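Biologist: I am new to this structure and would like to understand the terms applied to it. Please show it to me.

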Amino acid sequence: MIRTLLRHIGRILLSLVVLSTSLWACLALWYQLPGPAAVKVGAGVLWAAFGLAAIVLLWRGRLGRALLSYAVGFALLLGWWSTILPSQNRVWADDVSRQLHAHIDGSVVTLDNVRNFEWRSDTDYTQRWETRQYDLERLRSVDVSLSYWTGPAIAHTLVSFGFDDGQFVTFSIEIRKERGESFSSVGGFFKQFETSLIAADEHDILRVRTNVRGEDVYMYRVRLPQPQMRSLFLAYLGEAAALVREPSFYNTLTANCTTIVYALARRIVPGLPMDWRLLASGYLPDYLFDVGGLTPGYSMEALRAAGRITDRAIATDKAAAGTNFPKAIRQGLPGADASQAPAAAK
């Protein structure tokens, strides 16, 4: 009786393993097998039939044959999967077509390919890639922005660095999509996209989300001593240089816009705890609040309410020409009042 029960439990567990790996295999074939959709669908159907046949053999008592045949087939699939490598040479979408390059001379950093597009819609824009200089001695603030487009749990993370001469630059870890591609959270598990690190003007990278794409954006001032701000800035430049040397795949779970920021931050703040909210990126502000990383003296609810920049960003399009976008979106932002004041004369 017990032996029969254990046998059935074992078959159920093995069947679940075959089912789950078959689902992964079908999706891998869909996203990565070359050829038209009909070829991908056909390959997926054949693999599903292969997995089903293995389960049927398993329940008919042919355990060895079922597992051996399926294991060999899956090993061959994994061998093919390992040959799929990231590339620098594709027909990239315009907004990720260039890579960030940095040159450091003492405290002065020169960034090539800072994006400053003028967006009218997602398909109508004026391209501008600029070279800009920043003096790290004048670095005064770090702000993290979360852009929401599909519920409270999912958001895109952007990090802005502010200087006392009024300059801001925002770093964003994004998919490096090819022309005609769009983001897919499922595709992000299956080597569909390379990783891109964009440095951009806030009027480009924040405004396109609030004013063009209709996303809801919240900004929070992060508490960091100036040396750690500088180290985090340089860590971004290190990540950019690494991507220039060797491309890498974006992964929805393990190498996305938030987990990479966390990996960079841990190099600056040792012992920063891992937390599930780093995966459910929409809750990153709550995590930062709990570890004491946001402006003190406010509740999380107050920080969230004051940090919603969406309406302020939209209002800049209705204001007179020449409106200072970074200043306008920070009106009322806790902790932002005096951080960009000019440094005292020496």
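This is a predicted model: local features need pLDDT of at least 70, side-chain atom pairs count only at pLDDT 80 or more; totals for chains, interfaces and linings use all residues.

Biologist: Why is Asn116 called buried?

Modeller: Buried means under 20% relative accessible area, exposed over 50%, and partly exposed in between (1.4 Å probe, protein chains only). Asn116 has a relative accessible area of 9%, so Asn116 is buried.

Biologist: What makes Asp124 and Arg120 a salt bridge?

Modeller: A salt bridge is a side-chain nitrogen of Lys or Arg within 4 Å of a carboxyl oxygen of Asp or Glu. The closest N and O atoms of Asp124 and Arg120 are 3.2 Å apart. Asp124 is partly exposed at 37%, and Arg120 is partly exposed at 47%.

Biologist: Which class, buried or exposed, holds Asp275 and Arg277?

Modeller: Asp275 has 18% relative accessibility and therefore counts as buried; Arg277, at 13%, counts as buried too. Their side chains meet in a salt bridge of 2.9 Å, N to O.

Biologist: What does the salt bridge between Asp204 and Arg115 tie together?

Modeller: The side chains of Asp204 and Arg115 meet at 2.8 Å, N to O. Asp204 lies in helix α4 and Arg115 in strand β2, so the pair ties together parts that are 89 residues apart in sequence. Helices (H or I, at least four residues) and strands (E, at least two) are DSSP runs, numbered from the N terminus.

Technical notes: Residues are numbered from 1 along each chain as its sequence is written. Side-chain values use heavy atoms; hydrogens and water are left out.
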